[in-house]
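Reader: Please take me through the terms applied to this model, and set each value against its criterion.

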Amino acid sequence: MTTKISSLAAPNWAAQLRKKARWGESAIEASLFAVGILTILITLAITIVLGDQALLFFAEPEVNLQEFFLTTSWQPQIGDFGIWALVSATLTTSAIAILVALPLGLSAAIYLSEYAKPRARAVLKPILETLAGIPTVVYGYFALLFVSPIVRNLVGVEKVGVYNMLSAGLVMGIMILPLIASISEDALSAVPNSLREGAYAMGATKFEVSSQVLVPAALSGIGASVIVGISRAVGETMIVAIASGAGPKFSFNPLDAAETMTGHIARISGGDLPYGTVDYTSLFAIALMLFLVTLILNLISQWIVTKFREQYE
Amino acid sequence: MPSFTYPEKNELERFVAARYRTGWVWQVIFLSALIIAIFSLSALLLNIVDGAFGYVAYEFKKDPLTISEKPLDQLNQQELIALLQANLSRGAYNKLNNEKPMESRSQGELYNLVIERIIQVKTLQTYPLFRSLFEKAAIEAEVSERYPGARLEFRSWLSPTFLTTPQSSKAEFAGVRTAVLGSLWLVGIAIAFALPVGVGAAVYLQEYANKKSFISRVIQTNINNLAGVPSIVYGMLGLAIFVRAWEPFTSGAMFGITDTNGRTILSAGLTMGILVLPLVIINAQEAIKAVPDSLRQAAYGVGATRWQTVWHHVLPNALPGILTGSILAMSRAIGETAPLIVVGASTFITIDPQSPFTKFTALPIQIYQWTSRAQSEFQAIAAAAILVLLGLLLTLNATAILLRNRFQRRW
Amino acid sequence: MQPANNTQYAIETRNLSIFYGEFEAVTNVNLQIEKQKITAIIGPSGCGKSTLLRAFNRMNDFVPTSHVRGEILLQGTNLYGKEIDPVEVRRRIGMVFQKPNPFPKSIYENIAWGARINGYKGNMDELVEQSLRAAALWDEVKDKLKQSAYALSGGQQQRLCIARTIAIQPEIILMDEPASALDPIATLKIEELMQELKRNYTIIIVTHNMQQAARVSDYTAMMMLHGDTRSGTVIEYDRTDVIFTRPKDKRTEDYVTGRFG
């Protein structure tokens, strides 16, 4: 101790205070930076890997871009690669999912944020979180063995098969519900309390305040939740792989069995697929489409959320 | 000064009452969304429980009473071996013995062999739990009419044996041992990769990077985007990079292991690690953000360097949050299925995984495979496997809560 | 809630105490607020001024544990009676808040919304124009009624909030430090507007600013914390000139002369 103090009291202050090279510190900072950069490399790797294989696919003699984007038959055996056969099922199941998840999720969000007492919230929120935490393969089981039989009984066993887009879409809606509910609830709670008070002070009822002031004020956040929900539905694999049907089919009829983009990738790659074949590279072309669509959706929703935050800051 | 006419007296009363009625109707509608969510959750859970237990109608090829005087499950190891020797052809017995010497097999394994190879149980029909409980008479009548001579027994598909036996081509003898071990390996590798990398990235972003700088904004946006990339796309990444490009490493060829290709536990674990990385980073960032600034200033104030501040003060205080986040990431990894299908999980594996360089199967893969089978007994073991998976998830989450509470008390 | 008997006061409190759970925030207030006058509530921070003000239109109902003892009488009717609907109370007793809080809607909609939900069936354009005129805002915004209210300055936003309150024709307007977030010029406009408004409305204003209370109000209620219970109460209530020139209570005198708080 005493030596330290005497050294501090030494007359040569300039030498004492001069910047010292701390190699350990610099090495640590450099490696932390490298780790941060790694996350960008992952995105680059995804883009390069998917792009590279997709290019190989489009370079195949039996494939051309026009056919890929504009035709509706996907039968690799006879050289048909029209992605609409898969996109139609992705759109149909995702649309059903959003039709289920948006009204339910938004209602749940309004109830939790404006109506529920703290004790009710303490019970209700974990239920939504549990729903969000269930692995999708379990939802697939539920879709195939619980929802599909009910749908078939209601619609008529002769009209609907075991595998159908409706059951898969409905269950996907239940899966997305907690996501939409939680983002929308965040948006509603972010509306400043002064707006609530202002509206109540005008003699409005709780429903009038919620539906006519708070929901419009939180609209961008709610919009972002819907976009994230769509992105999740488009990318969801296991529910559709199990319950929506195997085999591409161009159809928008929810009662049909049809394979989505993700379902197709899962089924084809499930076998020991030889590398470098058209079947193999075609999966990367599909995955690239998926990646781009979800990337754009995610960017949009992030942009909305950032704008929304600025609005009240 | 303006004066406007509003409803008064009776009209006002009716008007306000109508507004309240509308509000009440909508409140019921809002609440019903949550009721539907609760209903779905209970339907899902009940549906699984319903499938995992219930009556089974089955028949024996050979009646156990004809080969042994004592009930089979009371025979000891030696008696079971003798039974197998007496009832199997020499060739079949030797083959089994070569796979694994009879003496080294446990009583349970031998019992299963006897049932599988000699008694040869055949499941004719399975019944779900609630029907089994409430319509026992109808089930008995149906079985005696449709399958004369069949036996009816209440069976819990989820059992200790189910947990400890490996996969089998017959649902009656299949278990999840290899799948559970595979899942644990996967999650272990995933978190061993994602935790240090994720915490490092979070520390960089929160403690080192200038938050307004271009590069840190790009990294941040990129992480948020990675969190939204469909899991199957990560599978494609893993397939192209870990399984194919890095095959010498991931198959273990570099280390002298020759009997596998790149579709190993290591490839799948790394794929999962990349998949949960954004989750780990975002959670770790939140945990680091929650550490009060006064603590950092105090450390700097006594002459600590930046890293000393981070290592001695910020990270220890952020630890509970980081741990909780990691456990959430593990829950995500343990339930993910699609990327495993793509990187090539094997579906039929009976040997416990020994190293990261072995072929693997995992719990969700088994669930997927069994769910996709048409026979009701496979759907029953799928339900049982789901219960195992949900049990694992519950354990993980409970651990997260316990850890968090414990650490919160300490600091 | 009909005007039962025309008492001489706009609103009065009788032995009013306000609680948050066990905690008694305001104790035993007896005030008779004169019609078409401006009454200021002054006092040091945390003495329950806003709590008292918010009791008048039952805004405290949103604090789950809050409750009152005693009565607030609006023309003879107890606002805390069992059969009283808080939604109707708030229509009769409007409120302007500390920070301007227009709805994220157009200027026009900000005014029309309150009128619509309260069942106004007349000409909406006319109501919007007259309310804006009454709030001395019409000339500034008449060309941009469809624009977002957020495009207005803070002072204009506050006058818009006053206009939307006028539009629902309350009997009393509560103002909770309406100028504390505004610059001196905007403050002056609000104060002028208040003098205009008191010809038709009874105004109760909470203010931190003693000069403002002295400038605008006709009556002043002085609130102070009770030493032992940390609970606020009105220690003196009189004409404003009396409060500021020859208060009866020593504590009031210390406060208005700046010797306290």
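Author: In this predicted model, chain C and chain B bury about 1700 Å² between them, with 56% of it on carbon and sulfur atoms. The contact draws 24 residues from chain C and 14 residues from chain B.

Reader: What makes R92(C) and E8(B) a salt bridge?

Author: The criterion is a side-chain nitrogen of Lys or Arg within 4 Å of a carboxyl oxygen of Asp or Glu. The N to O distance for R92(C) and E8(B) is 3.3 Å, so the pair meets the criterion. The count between chain C and chain B is 2 salt bridges, alongside 5 residue pairs in polar contact. Elements giving two or more residues to the side of chain C that touches chain B include α3 (107-117) and α6 (154-167) of chain C. By class, that side of chain C divides into 11 nonpolar, 6 polar and 7 charged residues.

Reader: How many salt bridges does the rule find across the interface of chain B and chain A, and how do you know that R19(B) forms one with E208(A)?

Author: The rule finds 1 salt bridge across that interface. The closest N and O atoms of R19(B) and E208(A) are 2.8 Å apart; the limit is 4 Å, therefore the pair qualifies. Helix α1 (residues 9-52) of chain B gives the most to the side of chain B that touches chain A, with 21 residues. That side of chain B has 52 nonpolar, 19 polar and 4 charged residues.

Reader: What is the area buried between chain B and chain A, and what part of it do carbon and sulfur atoms give?

Author: The area is about 6600 Å², and carbon and sulfur atoms give 76% of it. F30(B), L34(B) and M236(B) supply 10% of the area that chain B buries against chain A, more than any other three residues.

Reader: Why does Q379(B) count as buried?

Author: Q379(B) has a relative accessibility of 17%. Buried means under 20%, so Q379(B) falls in that class. Q379(B) is placed in helix α18 (residues 376-410) of chain B. Beyond its neighbours within four places in sequence, its contacts include Y141(A) and L145(A) from chain A, and W370(B) from chain B.

Reader: What makes the approach of Q379(B) to R373(B) a close polar one, in terms of distance?

Author: A polar atom of the Q379(B) side chain lies 3.2 Å from the backbone oxygen of R373(B). The limit for a polar contact is 3.5 Å, so this distance is within it.

Key. Residues are numbered from 1 along each chain as its sequence is written. Chains are lettered from A and ligands numbered from 1 in the order in which they are written. This is a predicted model: local features need pLDDT of at least 70, side-chain atom pairs count only at pLDDT 80 or more; totals for chains, interfaces and linings use all residues. Side-chain values use heavy atoms; hydrogens and water are left out. Helices (H or I, at least four residues) and strands (E, at least two) are DSSP runs, numbered from the N terminus. Buried means under 20% relative accessible area, exposed over 50%, partly exposed in between (1.4 Å probe, protein chains only). A polar contact is a pair of N or O atoms within 3.5 Å; within protein, one must be able to donate a hydrogen and the other to accept it, and residues adjacent in sequence count only if both atoms are side-chain atoms. Contact means heavy atoms within 4.5 Å. Buried area is the accessible area (1.4 Å probe) that two parts lose on being put together, summed over both. Ala, Val, Leu, Ile, Met, Phe, Trp, Tyr, Cys and Pro count as nonpolar, Asp, Glu, Lys and Arg as charged, and the others, Gly among them, as polar.
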